[in-house]
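Trainee: I would like to learn how to read a model like this one. Can we go feature by feature?

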Amino acid sequence: LGDVYKRQTQSTWERKLMYDYDLFFCDYKIYNLLAKHLGKAFYERKKFPFPIDCNDVPEHLKSKLTDYEAYLNDLGSYTYFMRGNGPVYTVKVGRTNQDLKNLVANVIHGIYNTLPYLLKEESNGVEATHVRQISVKASNSISLPVYTHLTGAELNSYLDENL
């Protein structure tokens, strides 16, 4: 954290750091401090630091992973969902070099595990009836809808125009 504070005004350093590494981890205790000092380049490119426990392997993973090195290596296979303020939420679920079977499985698994977080009432969640669209998108492609919900007024308007 001290190194980030020293160099926070150097935008070239921020961009170099961002392009040199694919993943960024930080202790969950300092995550809120880092967000301000990493610079907007990180957040524009959606390269959020992953908050992790830097002291030990979390209890729920100790049966699967035996040591801290295995824990850090295993973190590369996870994705991180950060809930924004706007109407669009994004979760990275795969890479273009994956085979089709694994990519489809990741998309299904990503939707299945993300929706409960969006719909939670205690965290000002979205009502299920307000989920308007679920799409799949690559970094340089258009969005391909997987699910679309039209309200009654939208459906009637469409039918009136096209009949």
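Mentor: Start with the surface. The accessible surface of the protein is about 12,600 Å², and carbon and sulfur atoms hold 55% of that area. Keep in mind that this is a predicted model.

Trainee: What share of the 163 residues is buried?

Mentor: Buried residues account for 18% of the 163.

Trainee: How many helices and strands are there in the protein?

Mentor: The protein has 7 helices and 4 strands. Along the sequence they run α-α-β-α-α-β-α-α-β-β-α.

Trainee: And what do the contacts say about residues 24 or more positions apart?

Mentor: Take the contacts with a separation of 6 or more. Residues 24 or more positions apart make up 39% of them.

Trainee: Now the rings. How do I describe an aromatic pair?

Mentor: A pair of aromatic rings is described by the distance of the centres and the angle of the planes. Searching the whole structure gives 2 aromatic pairs. In one of them, phenylalanine 25 pairs with phenylalanine 50, with 5.8 Å from centre to centre and 45 degrees between the planes.

Trainee: Which strands hold phenylalanine 25 and phenylalanine 50?

Mentor: Phenylalanine 25 sits in strand β1 (residues 25-27) and phenylalanine 50 in strand β2 (residues 50-52). They are 25 residues apart, so this pair links distant parts of the chain.

Trainee: Are these two phenylalanines buried or exposed?

Mentor: They fall in two classes. Phenylalanine 25 is partly exposed, at a relative accessible area of 33%. Phenylalanine 50 is buried, at 16%, because buried means under 20%.

Trainee: What are the distance and angle for tyrosine 68 and tyrosine 71?

Mentor: Tyrosine 68 and tyrosine 71 form a tilted aromatic pair, with 5.5 Å between centres and 55 degrees between planes. Both tyrosines lie in helix α5 (residues 68-74). They are 3 residues apart, about one turn of the helix. Tyrosine 68 is partly exposed, with a relative accessible area of 26%. Tyrosine 71 is buried, at 3%.

Trainee: Next, charges. What should I look for?

Mentor: Side chains of opposite charge can pair when their charged atoms come close. This structure holds 1 salt bridge. The side chains of aspartate 74 and lysine 64 form it, at 3.5 Å from N to O.

Trainee: What else is asparagine 106 in contact with?

Mentor: Set aside its neighbours within four places in sequence. Asparagine 106 is then in contact with Val93, Gly94 and Gln98. Take glycine 94: it is 12 residues from asparagine 106 in sequence, with 6.4 Å from C-alpha to C-alpha.

Trainee: Where does threonine 114 lie, and which backbone oxygen is 2.6 Å from its side chain?

Mentor: Threonine 114 is in helix α6 (residues 100-119). A polar atom of its side chain lies 2.6 Å from the backbone oxygen of glycine 110. Glycine 110 is also found in helix α6. Threonine 114 is buried, with a relative accessible area of 13%. Glycine 110 counts as buried, at 13% relative accessibility.

Trainee: How far is glycine 110 from glycine 94?

Mentor: Their C-alpha atoms are separated by 9.4 Å, and the two glycines are 16 residues apart along the chain.

Trainee: Last, the surface again. Which residues form the nonpolar patch?

Mentor: The nonpolar patch is formed by Val136, Ile142, Leu144, Val146 and Tyr147. Together they have about 470 Å² of accessible area. Strand β4 (residues 144-148) gives the most to the patch, with 3 residues. Valine 136 is in strand β3 (residues 133-136). Valine 136 is partly exposed, with a relative accessible area of 31%.

Terms used. Residues are numbered from 1 along each chain as its sequence is written. This is a predicted model: local features need pLDDT of at least 70, side-chain atom pairs count only at pLDDT 80 or more; totals for chains, interfaces and linings use all residues. Side-chain values use heavy atoms; hydrogens and water are left out. Rings of Phe, Tyr and Trp (its six-membered ring) pair if their centres lie within 6.5 Å; planes under 30 degrees apart count as stacked, over 60 as edge-to-face and the rest as tilted. Helices (H or I, at least four residues) and strands (E, at least two) are DSSP runs, numbered from the N terminus. Buried means under 20% relative accessible area, exposed over 50%, partly exposed in between (1.4 Å probe, protein chains only). Contact means heavy atoms within 4.5 Å. Accessible areas come from the Shrake-Rupley method with a 1.4 Å probe; for residues, only the protein chains shown count as cover. A polar contact is a pair of N or O atoms within 3.5 Å; within protein, one must be able to donate a hydrogen and the other to accept it, and residues adjacent in sequence count only if both atoms are side-chain atoms. A salt bridge is a side-chain nitrogen of Lys or Arg within 4 Å of a carboxyl oxygen of Asp or Glu. Patches are made of residues with over 30% relative accessible area and no salt bridge: like charges are joined within 9 Å, nonpolar side chains (Val, Leu, Ile, Met, Phe, Trp, Tyr) within 5 Å.
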